[in-house]
Amino acid sequence: MSHNGPNMIKSSHLSKHYRKTLAVNDISFDVENNKVTGFLGPNGAGKSTTMRLMLGLDNGGGTTTFNGKKLQEYAHPSTEVGILLEAKAFHPTRTPRNHLKILATEGGVPMSRVDEALDIVGLKDVAKKKPGDFSLGMSQRLGIAGAILSKPKCLLLDEPANGLDPEGIVWLRNFLKNYADEGNAVFVSSHLLSEMSLMADNVIVIGKGKLIASTSIKKLIAGNAKSSVFVRSTGLSKLEGILKTKSLAFEKADGGIEISGADTDEIGRLAFSAGIPILELANRNASLEDVFLELTENSEEFQAHDQKGKK
Amino acid sequence: MMSQLKSEFKKLFTVKSTYYIIAIVLLLVFFFAFYISGWRIEPKDMMNPLTLQSGITGAVSVVSIFSALVALLLVTHEYRYNTIMYTLTSSNSRSKVLFSKIIIMTGFALVFTLVFGALSPLFTALGIHAHHLHLVHQTIQYNNVIWRCLFYGWGYTMAGLLIASLVRNQVGAIITLFIVPGTVEGLLSLLLKKNTVYLPFSSLHQVIGQDVSTTSTLSATHAALVFIGYLLAALIVAWVLFLRRDAN
């Protein structure tokens, strides 16, 4: 992740104290151009604070550069970075068109772009309505319209999929992937891990204010999760005996056995050579969710417990 | 800086509260100037050559509170609805943001004060005329009245803006704006007695000739200087905090 492309976000040694609490602890990472980078962490991990530090909204330690320059060094910073940190960040009686016109004025963006942005996010029909009554999904769309208004080279979005309907989520995923494909850096936090695994190329994971991982999703899953092979067979006891002789670990699961440290090809050959009939043979790869839970196991600020008091 | 100024101007005139406040002030000025001071004018006031001038200063002393409220809302809406994060990330300098608000509200306050300061005697004269009464020849010291009224309107508006910048919470700022001039300074006057005129809002009232509960008075110019001192101190504190505090 040390790519030094022309469009990239580079955060170095970000830190933030709230009195005695260290909310963000010396975090450094890069967000590459041409890619969607997911930002993951449990509740209270410091994701929003980190994003605010990157934008200079919170005062803290460290620096962030966007394409080589600090945000304050741009004449119109909003043309460089589009943000969505909160869905309902608008005045409830100011129409979406007026809200965007203000953002366009601040960013030196042509007014014609306002209707374009509203059209892109599907809010053209409600451009003159009061947004106070908007659903969370519509508010998110207005926020996204604000973020993309100036066609910035970097996007910072905090939980943009919250409140979107399934169609909206698919639209957002495709939109952000296309936006990144145009050479831009997209940095997006989300709790929807399945969605993130579909959307993001790279991922940054933090917990309790510390950086846990910064890599591609593929590498993250491959490097941190235990993959296994599931087998269902009428000759399980015979297969178990063979596995023991090969020193392969296994455990019973779902009417079959789950074998660690082997792939389907290897197990398939072993069973075939021993004449064991196979009813089902499948790879069980860990999901991003499995990896995330494993990585952040000890980094959760707020842990829920079941009724017996267990995690 | 121009883009910030234009943006603040748009923020001011794209929320309904600004229009509601202007409408309320228009109704109040019409009611008091046309009906109370005009239609129902006291006979002694009809003989007073300074009736219209008093009407102007009286109207300005009331409408300025509303101008201050507009300024307060311009700032606190940003924090209440979190649009401050867009404002701050759109500008390369927080100072530009604060001073854009000050410049726009200065313009608003001056126009607001001038318009309602002019409408007040007009409505009063119309009320008297409609009731077929006649005023004695009126004397208005234009230069004196205009600068004092403009200063008062601007000063009150800046006070509202700076209170909002310091407090940030909308309800807290409104309570501060309405409590400090009357209740807090009223209580302090029991302690300070003659020196009450050196309190911020008391000195501002002196500029426009509003009595405070003391026998000691300052000239309008001295009172204006005292108030400017407070305003500068508040501006410095608000500016430093605006630069140093987290966005919201």
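1. The model is predicted. Chain B contains ten helices and zero strands. Its radius of gyration is 19 Å, close to the 18 Å that the globule rule gives for 248 residues, so chain B is as compact as a globular protein of that length. The C-alpha trace of chain B spans about 60 × 40 × 30 Å along its principal axes.

2. Of the 248 residues in chain B, 51% are buried. Among contacts in this chain between residues at least 6 apart in sequence, 82% join residues at least 24 apart.

3. Chain B carries 16 positive and 7 negative side chains, and the centres of these two sets lie 9 Å apart. Over all chains, the whole structure holds 16 salt bridges.

4. One salt bridge joins B:D246 and A:K16, at 2.9 Å from N to O. This pair crosses between chains, from the segment after α10 (220-244) of chain B to strand β1 (residues 9-18) of chain A. B:D246 counts as buried at 17% relative accessibility, and A:K16 is buried at 6%.

5. In chain A, the closest N and O atoms of the salt bridge between A:E80 and A:K153 are 3.6 Å apart. The two residues are 73 residues apart and link distant parts of the chain. A:E80 is buried, with a relative accessible area of 4%, whereas A:K153 is partly exposed, at 36%.

6. B:E8 and B:K11 form a salt bridge with a closest N and O separation of 3.1 Å. Both lie in helix α1 (residues 2-13) of chain B, three residues apart, and both are buried. A network of salt bridges links B:E8 and B:K11 with A:E106, B:E78 and B:K101.

Definitions and conventions:
Residues numbered from 1 in each chain as written. Chains lettered and ligands numbered in written order. Predicted model: local features only at pLDDT ≥ 70, side-chain atom pairs only at ≥ 80, totals over all residues. Heavy atoms only, no water. Helix = DSSP H or I, 4+ residues; strand = E, 2+ residues; numbered from the N terminus. Rg over C-alpha atoms; globule rule 2.2 N^0.38 Å. Buried < 20%, exposed > 50% of the residue type's maximum accessible area, 1.4 Å probe, protein only. Contact = heavy atoms within 4.5 Å. Lys, Arg positive; Asp, Glu negative; His and termini not counted. Charge placed at Lys NZ, Arg CZ, Asp CG, Glu CD. Salt bridge = Lys/Arg side-chain N within 4 Å of Asp/Glu carboxyl O.
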